[in-house]
Amino acid sequence: MGHGIKAAIALAAALCGTPAFAGWEPTKPVEIVVAAGAGGASDQMARMMQAAIQKNNLMKQPIVVSLKGGASGAEALMYMKSSEGDPNKVLIAYSLIYMLPLSAKIPFNWRELTPVSVIALDQFVLWDNSGGPKTVKEFVAAAKAASAPFKMGGTGSKREDHVLTVFLEQKTGAKFSYLPYKSGGEAATQLVGNHTESNVNNPSENLEVWRAGQVRPLCVFDKERISYTSKVTDTQSWADIPTCKEEGVDVQYLMLRAMFLPGKVTAEQQAFYVELFHKVTQTAEYKDYMEKQALKPIFLTGKDMVQFLEEDDAVNKSLMTEAGFVAK
Amino acid sequence: MEAFGLLLHGFAVLLTWKTLVLMMVGLVLGIFVGVLPGLGGPNGVAILLPLTFTMDPTSAIVMLSCIYWGALFGGAITSILFNIPGEAWSVATTFDGYPMAQQGRAAEALTAAFTSSFIGSLVAVLLITFLAPMISSFALKFGPPEFFAVYLLTFCSFVGLGREAKHKTIISMSLGLLLAGIGMDTVSGNLRMTFGSSELLRGINFLVAVIGLFGISEILLTMEERLALRGHAASISLRVVLSVWKDLPRYWVTLLRSSFIGCWLGITPGGAIAASFMGYNLAKRFAKDPESFGKGRIEGVFAPETAAHASGTAALLPMLALGIPGSGTAAILLGGLMVWGLNPGPLLFIEHKDFVWGLIASMYLGNVVGLVLVLTTVPIFASILRVPFAAVAPMIVVSCAIGAYAIQNAMFDIWLMLGFGVVGYVFKKIGIPLAPFTLALVLGNRAEDAFRLSMIGAGGDLKVFWSNGLVGSITTLAIVLLFWPVIDGLLARVGLTQGSRPTPR
């Protein structure tokens, strides 16, 4: 179900009962809108920010996490779109803001929201079961030799995981059956249970099962290795994972984690949140989280952010078109 | 025994005045939240989660899990008194609980519900205590075909074992499946039946439908029949409680069966909802006089409540051991764990022993304290029924509306709830059972996804549902249950069973 948080906000709002008026500081509890299910990477990140803000007293009003993962996250996008002028809602966005309007023809455009800041870039890693092939080359060879296509678990359909699978097929010539699960956590468990041969989860989604020795990272879809060198398992750190390019599979993809306010908020309101999330990126909670979950820290705002978004949008659009996922 | 020692250590962590006070506060808050339809466990936990950020993880989780127990107990109250299930798994409790309340046996029904909740959770906690490592590896055996087989089993048990006419059950179920298809289809990534409406994007929320189907339609019916909520004889005393308890041993088979079903489905990630329905249907199936179910039979309260709470408790296990929340509330608790820097997963049991065993010990204590607390307050709740219907009805409608709105903060959902109220009224009038409809609405999507993922993985080969012992036996059992009336009849004819009761058409 997971609708709890929404009720929490309703109740909290009812208790506080002040009208929706804000100058340059929120007067009502602030809602972090998560466009994914409970326990996924977005949810984890939202909870980290909630804790960072409350523990360090970065804001007077309480902050609540609101899960709107319905319709593969489209629920959150439409919710933000319909909250025009409301400065008490911040969306924690990822690549779905580019992809959903293309694949499912959702009437949404991120340019209608107010950009606050890009706060991190998330990696994708190719994982297999620890009982499976040990390197990318062996994995590709096994996938090609298999009588039935290898099963690739992922989150959602015609989205980042699916796109990566298509490009993996194009570059290696191996065939995969892509199985869209509801969350990265489910994709992780299904890999551990040997119901799929591989997945392309974010580091945070597979971290615990990797530490338990149940899955093996084969390569990371980035130009360079992950920079964190402290040991995650007994023998390996994030930096020990080779890039896919090193292993002969030139596929790269990084995903933004960015904050947006609804459209038509004032410049003061926008400035408040830019400042707030800038402070969040200075906290120990944030730094710790970045390292633990192997995210790339980044802070972009204003013109830099818009430029980044436009370029990123173009990249995603061309990937989606090439993969054949754009709805006609 | 290692588990026993660790459990004692857990109790030692808990038994301080501070934790005991937190426990009581959590329970009272939980019961309060559980009584309001539409709120319930997940929401109660969600509301209070930020309050616990300043506590240490163990105190925080004790408080939260006590809110959870309280809400579970509280949820049974509205199911029985007003026919409004607060959680998906309370639906089956209304089947016999509400008729009992109408017959003036509300106190008896409430006592039965609370007691069986207690027994169900207790069995599940014992299971968690001693079998945790083994069980988490069992849960890993479930891939898409296995999940589908479990859902199929639930659907088939409804058709095959239900009391209602088969065609009506199937009509009702098909309508539910149809509505479950509204919204985004995870497998293809396309929208279905949304007709360009952004309100329909997220699909029909199950709780909104249930509040309308059961709560609002009941008010409509009562208004039509000019009936008061017949609760005049709801006097309660220790005697009622004791007499229910005295009869308890008579139902040990039902209690045991339901506990087993609950634990089994609870550990299967996401299977908790199916448990209460299945517990109810099996109790009915094995009863000597299945006709008396649905008319206020106490066993009809014992069976689903025991199963629901066994599964609700067992659902915490996949959350702790695998990081997969088995229920809505478990999902919120999962979020809480991560805030405190505890990452649920296979290593949690090894790296954070204090926390895990503190939590398990709090399940024992919270349950016992909760039972006492809730039983002493039964008279207060049962007396709600003595208030005139004209005064209670508007309050129920208002609290239904608040509940429906609060789920997604959407005005649209209130209209939807009223619409479902009318649907429920019509269904009751023309004798179409509501339960298969709600079941299909809850499980339809998951069953469909599981089926399609199985098909993608197996290249469209149906043999995948018999590809190993586990999935094969569940699927076969499902099909046997579906055709049970026919099989039962054949067996009787051959003389293998000593004559069976006439099977309903």
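Reader: At roughly what angle do the axes of helix α7 and helix α8 of chain B cross?
Author: Happy to start there, and please keep in mind that this is a predicted model. Helix α7 covers residues 144–161 of chain B and helix α8 covers residues 166–180 of chain B. Their axes come within 8 Å, and they cross at roughly 150°.

Reader: Which residues of α8(B) does α7(B) meet?
Author: From α7(B), the residues taking part are B:Phe155, B:Phe158 and B:Val159. The contact residues of both helices divide into 5 nonpolar, 1 polar and 1 charged. On the α8(B) side, the residues met are B:Lys166, B:Thr169, B:Ile170 and B:Met173.

Reader: What percentage of the contacts in chain A join residues at least 24 apart?
Author: Chain A contains 11 helices and 11 strands, and 57% of its residues count as buried. The contacts to look at are those between residues at least 6 apart in sequence. Of these, the share joining residues at least 24 apart is 75%.

Reader: In what order do the strands of the open sheet of 6 strands in chain A lie?
Author: The pairing in this sheet is mixed. Its edge strands, each pairing on one side only, are β2 (63–67) and β11 of chain A. The twist from one strand to the next averages 20°. Reading across the sheet, the order is β2-β1-β3-β10-β4-β11.

Reader: Why is strand β4 of chain A largely enclosed, and how many of its residues are buried?
Author: In the sheet order, β4 lies between β10 and β11. It runs antiparallel to strand β10 (residues 255–261), with 7 bridges, and antiparallel to strand β11 (residues 296–300), with 3 bridges. Strand β4 spans residues 114–122 and is largely enclosed by the rest of the structure because the number of its residues that are buried is 8 of the 9.

Reader: Which residue in β10(A) stands opposite A:Ile92?
Author: Strand β3 (residues 89–93) of chain A runs antiparallel to β10(A), and 3 bridges join them. For A:Ile92, the residue opposite is A:Met259.

Reader: Which element of chain B do the buried residues of α3(A) pack against?
Author: Helix α3 (residues 74–81) of chain A is mostly covered, with 7 of its 8 residues buried. Among them are A:Leu77, A:Met78 and A:Tyr79. Within chain A, the buried residues pack against β1 (30–34), β3, α4 (96–103) and β10. From chain B, the element they pack against is β1 (183–184).

Reader: Which residue in β9(A) stands opposite A:Asp128?
Author: Strand β9 (residues 215–220) of chain A is mostly covered, since 6 of its 6 residues are buried. It pairs in the antiparallel sense with strand β5 (residues 125–129) of chain A over 5 bridges. Opposite A:Asp128 stands A:Arg216.

Definitions and conventions. Residues numbered from 1 in each chain as written. Chains lettered and ligands numbered in written order. Predicted model: local features only at pLDDT ≥ 70, side-chain atom pairs only at ≥ 80, totals over all residues. Helix = DSSP H or I, 4+ residues; strand = E, 2+ residues; numbered from the N terminus. Buried ≥ 20, exposed ≤ 12 C-beta atoms within 10 Å, placed from the backbone. Contact = placed C-beta atoms within 7 Å. Axes fitted to C-alpha atoms, helices over the stretch in contact; angles between N-to-C directions. Nonpolar A, V, L, I, M, F, W, Y, C, P; charged D, E, K, R; others polar. Pairing = 2+ DSSP bridges.
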